[in-house]
Amino acid sequence: MDMALPIVNATTAVLARVSAAFNAPLARAVVFGVHIDGHLVVEGLLIAVIVFQLSRKSYKPPKKPLSEKEVDELCDEWEPEPLCPPIKEGARIEAPIVESAAGPHTTIDGKEVVNFASANYLGLIGNEKITDSCVGSLEKYGVGSCGPRGFYGTIVTNFLGTPDSILYSYGISTIFSVIPAFCKKGDIIVADEGVHWAVQNGLYLSRSTVVYFKHNDMASLASTLEKLTRRNKRTENIRRYIVVESIYQNSGQIAPLDEIIKLKEKYRFRVILEESHSFGVLGKSGRGLAEQYGVPIDKIDIITAGMGNALATDGGFCTGSARVVDHQRLSSAGYVFSASLPPYLATAAVFAVNYLEENPSVLANLRSNVALLHKGLSGTPGLEVSSHLLSPIVFLKLKKSSGSLTTDLDLLETIADQALKEDSVFVVASKRSTLDRCKLPVGIRLFVSAGHTESDISKVCSSLKRISASVLSDHV
């Protein structure tokens, strides 16, 4: 205790001297009216040290490469993030696997079934002559495209009697490339509310002002055109289009082209007609909706179609005036930013068109099958046919909707699943994605083919009647 006291006293004396050393000379210092004390000097020194430390370059440890063992450990620990959210159990779809050509009869899970789920209107899928022509094209030209794209489209032009045509390498991209190639921001498009997703996508990409009219209702179309043009001088100076399908994929209805052309000429609109389900089907010789209604082909400004339905190949085309076609060569995204159609697919399309011209009776067989199916499905419990008598898309919708799209689809899919499992009849419900804005009722969609026999049609009719009576017993 006696030894500690002198140490404490010495320390106190040293601190007092240091404080006096700072305060004594500066105690009377005044700068701009502020007394400078010793603690301000200490704080200044601290600030200088902090600034110095912040201005120094950060320390970087020397780079040392990882060993193979460390790399392997990191790879084992790494878990990649999923590209899409996990599919919920209720949303998981177990689609049937088609194991052969999707002709009138096909093989699913090792079992032969009657196929009413493929748009094979002329029955050419699996045709041996088409297959042979494709093989010959492959042997001669190879798989890749050859020759300038401008050479394609001649066969369509000759068949339809239009001035020019342009060929696309992917069917569904045709319509949603053509629409934004001509329709721009500020333009007006009047479209049917029942158009399918590819048309909707084209309308969206165009950034035009889109106005919908009631499905296949000419009174609604006339009223819409009148409202847009009456006492509105602005519409006289902008581009205006009517967009319709010849045969609507979402309902099986046929557009009344003669009335549409009259309204087009009255209100001075252009018409874009999507003919994917009518080309090779409607008309005396399969030339489409214009031939069906006796309307001159030049009255329609722009015609598009996919070749995957009647022609049993892939790709699509747009036909019209030379100006319409030339404009797309540098302005249509689906044409500019894709390779041309492979030669063997073009060969298949040429063969299919020639087959149609040489065998006009195939259209009579198709129409006979459509009429037979309409007759056989009449009186189906809980379901009714809502499609046109000439449409190869026979559309069955619920007579009494549950009020919920999900519930309606569940009922229809149950019928389709049971028809496949119990009777080997392949039909599909008209599913729609979350991007599809169509508000028409869902249903069971049957694609009729010229290759179907009477026994095929009788089988699907009896199957759907029996199963719908059981599944829809509470909805009849």
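Reader: How do the residues lining the second largest pocket divide into nonpolar, polar and charged?

Author: This is a predicted model, and what follows is computed from it. The second largest pocket has a volume of about 570 Å³, and 26 residues line it. Sorted by kind, the residues of that lining are nine nonpolar, 11 polar and six charged.

Reader: Which element gives the largest share of the lining of the second largest pocket?

Author: Among the residues of this lining, I172, Q249, S276, H277 and N309 lie nearest the centre of the pocket. Two or more lining residues come from each of the elements α6 (171–182), α7 (197–206) and β16 (443–447). The largest share amounts to three residues, and the element that supplies it is α6.

Reader: What percentage of the residues in the protein chain is buried?

Author: The protein chain has 16 helices and 16 strands, and it exposes about 26,300 Å², of which carbon and sulfur atoms supply 57%. A residue counts as buried when its relative accessible area is under 20%. Of the 476 residues in the protein chain, the buried part is 43%.

Reader: Is T319 buried or exposed, and why?

Author: T319 belongs to strand β11, which covers residues 316–320. Leaving aside neighbours within four places in sequence, T319 is in contact with L160, T162, D164, S165, D301, I302 and I303. Because the relative accessibility of T319 is 1%, this residue counts as buried.

Reader: With which side chain does the side chain of T319 make a polar contact?

Author: T162 is one of the residues in contact with T319 once neighbours within four places in sequence are left aside. The two side chains make a polar contact at 2.4 Å, so that the partner, given that a polar contact requires N or O atoms within 3.5 Å, can be named from this pair: it is T162.

Reader: What separation do the C-alpha atoms of G286 and V353 have?

Author: G286 is placed in the loop between β9 (270–274) and α10 (289–293), and it counts as buried because its relative accessibility is 0%. Not counting residues up to four places away in sequence, G286 touches F159, S278, F279, G280, V281, E291, L356 and L363. V353 stands 67 residues from G286 along the chain, and the C-alpha atoms of the two are separated by 9.4 Å.

Reader: Is S424 buried or exposed, and why?

Author: S424 is found in the loop between α15 (405–423) and β14 (425–426). Most residues other than glycine have a negative phi, whereas S424, which is not a glycine, has a positive phi of about 55 degrees. Because its relative accessible area is 12%, S424 is buried.

Reader: What is the relative accessibility of A312?

Author: A312 sits in the loop between β10 (302–306) and β11, and its phi, near 55 degrees, is a positive value in a residue other than glycine. Partly exposed is the class that lies between buried, under 20%, and exposed, over 50%. A312 counts as partly exposed because its relative accessibility is 21%.

Reader: With which side chain does the side chain of H215 make a polar contact?

Author: H215 lies in the loop between β7 (209–213) and α8 (218–229), and it is buried, with a relative accessible area of 18%. Its contacts, apart from neighbours within four places in sequence, are D192, E193, G194, Y248, S251, Q253 and L440. The polar contact between side chains, at 2.8 Å, joins H215 to S251.

Technical notes
Residues numbered from 1 in each chain as written. Predicted model: local features only at pLDDT ≥ 70, side-chain atom pairs only at ≥ 80, totals over all residues. Heavy atoms only, no water. 1 Å grid on protein atoms, 1.4 Å probe; cavity = no way out; pocket = protein on both sides within 12 Å on 5 of 7 lines; lining within 4 Å. Points joined across faces, edges and corners; volume = space filled by probe spheres on them. Helix = DSSP H or I, 4+ residues; strand = E, 2+ residues; numbered from the N terminus. Nonpolar A, V, L, I, M, F, W, Y, C, P; charged D, E, K, R; others polar. Buried < 20%, exposed > 50% of the residue type's maximum accessible area, 1.4 Å probe, protein only. Areas by Shrake-Rupley, 256 points an atom, 1.4 Å probe, with all protein chains shown as cover. Polar contact = N/O pair within 3.5 Å; in protein donor to acceptor, adjacent residues only side chain to side chain. Contact = heavy atoms within 4.5 Å.
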